[in-house]
Amino acid sequence: MRRSIPRIHWRWALFSLGYYGANAVYQGYISLYYTQLGFRSEQLGYISAATALAAIAAQPLWGTLGDRTQKRTRLLGLLSIAAALALLPALLGQGFMLQIVVAALFYAFFCALLPLGDAILLEGLGEGGSFGPYRLAGGLSFAVSGAIYGALSLPAGGAVWCTSMLLVAAAGAAQLLPDSPGRQRARVPFARLLQNKELLVLILFLLPVQSTMGYFYTFYAPHFKALPGGTEALLGLSYLISAASEVPYLLLCDRIYRRFGAVRPMCVSAGVMALRWLLLGLCRSAPAALLTQLLHGGGFIVLSVSMAKYIADRVAPELRTSGQMLLNMVSFGAARVIGNLGGGLLAEGIGRGNAFFAGAGICVAALAIFALWQMRRCASAT
């Protein structure tokens with residue numbers, strides 16, 4: 001029987017447009033702002049690690065509120081506004097302590113936006129709903145926003161203003177999402193998520209692989225600009241390429257998940273990321289590094305969407321918002337702490353480019369350990 005084409009509610013995609021646009025500018029260019037202030041690679045690592053620690057501390061709270069509140073879209077809008085306002089003091093001075101406090105406060109709110117938005121949207125779509133087009137809209141916004149910002153060559157601090165304005169737009173768009181109250185009628189401990197053994201193993205596999213992405217997001221921009229031929233406009237183009245590379249997967253992700261589940265796509269993703277870091281470490285010019293962005297579509301987005309759909313499919317309804325927060329705690333919290341602190345020290349010791357070789361090794365090791373666990377699991381089941 002021929003499958004009907006799923007209905008797409010385009011107004012539900014507006015929040016993704018605002019959030020991913022803000023994320024593109026912040027994630028892609030805030031490290032350049034810090035380097036313009038004179039901060040070293042080690043200090044960039046400390047700032048990014050501080051944001052990750054803030055995410056780890058804040059997300060259990062936002063997850064519990066999201067699972068219990070009667071108006072989740074209102075909570076999402078308030079958190080978007082709070083993040084926009086919290087970032088603005090970054091324009092007040094060049095002090096390292098000021099910047100690290102501002103970044104941590106900003107991320108304490110910002111870290112909740114994607115998992116809460118995903119939880120609301122996935123529940124609104126229901127079982128069998130097509131999640132890919134909404135993430136695709138976000139990916140396109142990420143690509144266009146990053147490319148436009150790079151082409152504009154705005155003065156120092158432009159990334160702060162643009163991120164805040166886009167978050168205000170996201171706050172308004174959040175009110176158009178399909179609202180529903182949280183499912184908890186009595187308090188359920190956040191730690192109960194870890195009683196799901198398969199979820200715990202997937203999280204432990206995700207952690208080291210995502211730590212390499214944490215290093216990439218902080219150090220790729222200054223590394224790229226230091227290469228021969230590296231310009232801000234070309235950097236914007238590289239983000240456009242990386243976002244465009246996600247399109248094939250996002251068009252097929254719902255079908256891929258139905259057929260293969262979460263595990264096999266995540267294993268392929270770890271292998272693709274290992275190859276990407278190896279090639280990026282070998283690059284000696286900005287145009288060559290630009291080409292490695294074509295592999296981006298097999299990395300972060302596969303891990304992120306596979307896990308988001310797994311949580312929506314396998315986690316108890318009263319803990320699904322908390323489950324999405326747990327995913328974000330690992331991807332943008334613990335993994336960023338490891339990737340930025342460890343990566344910052346590596347970058348200082350062996351150079352930013354050479355640290356990508358370590359990232360390739362981490363992905364290979366994580367994949368090997370996870371594959372062994374899977375084989376033992378399959379053997380015990382037979």
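These are my notebook entries on what I looked up in a predicted model of one protein.

**Ground rules**

I number residues from 1 along each chain as its sequence is written, and I leave hydrogens and water out, using heavy atoms for side-chain values. The model is predicted, so to speak of a local feature I need pLDDT of at least 70, and side-chain atom pairs count only at pLDDT 80 or more, while totals for chains, interfaces and linings use all residues.

**Confidence**

I started with pLDDT, the predictor's confidence in each residue, from 0 to 100. The protein averages 84, and 93% of the residues score at least 70. By contact I mean heavy atoms within 4.5 Å. Where pLDDT is low, the predicted coordinates should not be read in detail.

**Overall build**

How many helices and strands does the protein have? I found 15 helices and 0 strands. Helices (H or I, at least four residues) and strands (E, at least two) are DSSP runs, numbered from the N terminus.

The C-alpha trace spans about 55 × 45 × 40 Å along its principal axes. I checked the radius of gyration too: it is 20 Å, which agrees with the value near 21 Å that a compact globule of 382 residues would have. That radius is taken over C-alpha atoms, and the globule rule is 2.2 Å times the number of residues to the power 0.38.

Buried residues make up 57% of the 382. Here buried means under 20% relative accessible area, exposed means over 50%, and partly exposed is in between (1.4 Å probe, protein chains only). Of the contacts with a separation of 6 or more, 87% are between residues 24 or more positions apart.

**Cavities**

A cavity is a set of points on a 1 Å grid over the protein atoms alone where a 1.4 Å probe fits but cannot get out, and lining residues have an atom within 4 Å of a point. Grid points are joined across faces, edges and corners, and a volume is the space filled by probe spheres set on the points.

The largest cavity holds about 210 Å³. It has 16 lining residues, and Tyr26, Ile30, Ser48, Thr218 and Arg336 are the closest to its centre. Which helix gives the largest share of this lining? It is α1, with 6 residues. Helices α1 (14–36), α2 (41–68), α4 (96–110), α8 (197–226) and α14 each supply at least two. By type I count 8 nonpolar, 7 polar and 1 charged.

Helices α1, α6 (132–152), α9 (232–244) and α13 (300–314) each supply at least two. This lining divides into 9 nonpolar, 5 polar and 2 charged.

**Four residues up close**

For each contact list below I skip residues up to four places away in sequence.

Leucine 122 sits in helix α5 (residues 113–125). It counts as buried because its relative accessible area is 13%. It touches Phe131, Ala308, Ala312 and Gln324. Leucine 122 and alanine 308 are 186 residues apart along the chain, yet their C-alpha atoms are separated by 8.8 Å.

Threonine 51 belongs to helix α2. At 8% relative accessibility, threonine 51 is buried. I see it touching Tyr26, Ala103, Ala104 and Tyr107; Tyr26 is also one of the residues closest to the centre of the largest cavity.

Asparagine 328 is in helix α14, and its 5% relative accessible area makes it buried. Its contacts are Gln59, Cys111, Leu114, Pro115 and Gly333. I also took its distance to alanine 22, which is 306 residues away in sequence: 17 Å, C-alpha to C-alpha.

Definitions and conventions. 1 Å grid on protein atoms, 1.4 Å probe; cavity = no way out; pocket = protein on both sides within 12 Å on 5 of 7 lines; lining within 4 Å. Nonpolar A, V, L, I, M, F, W, Y, C, P; charged D, E, K, R; others polar.
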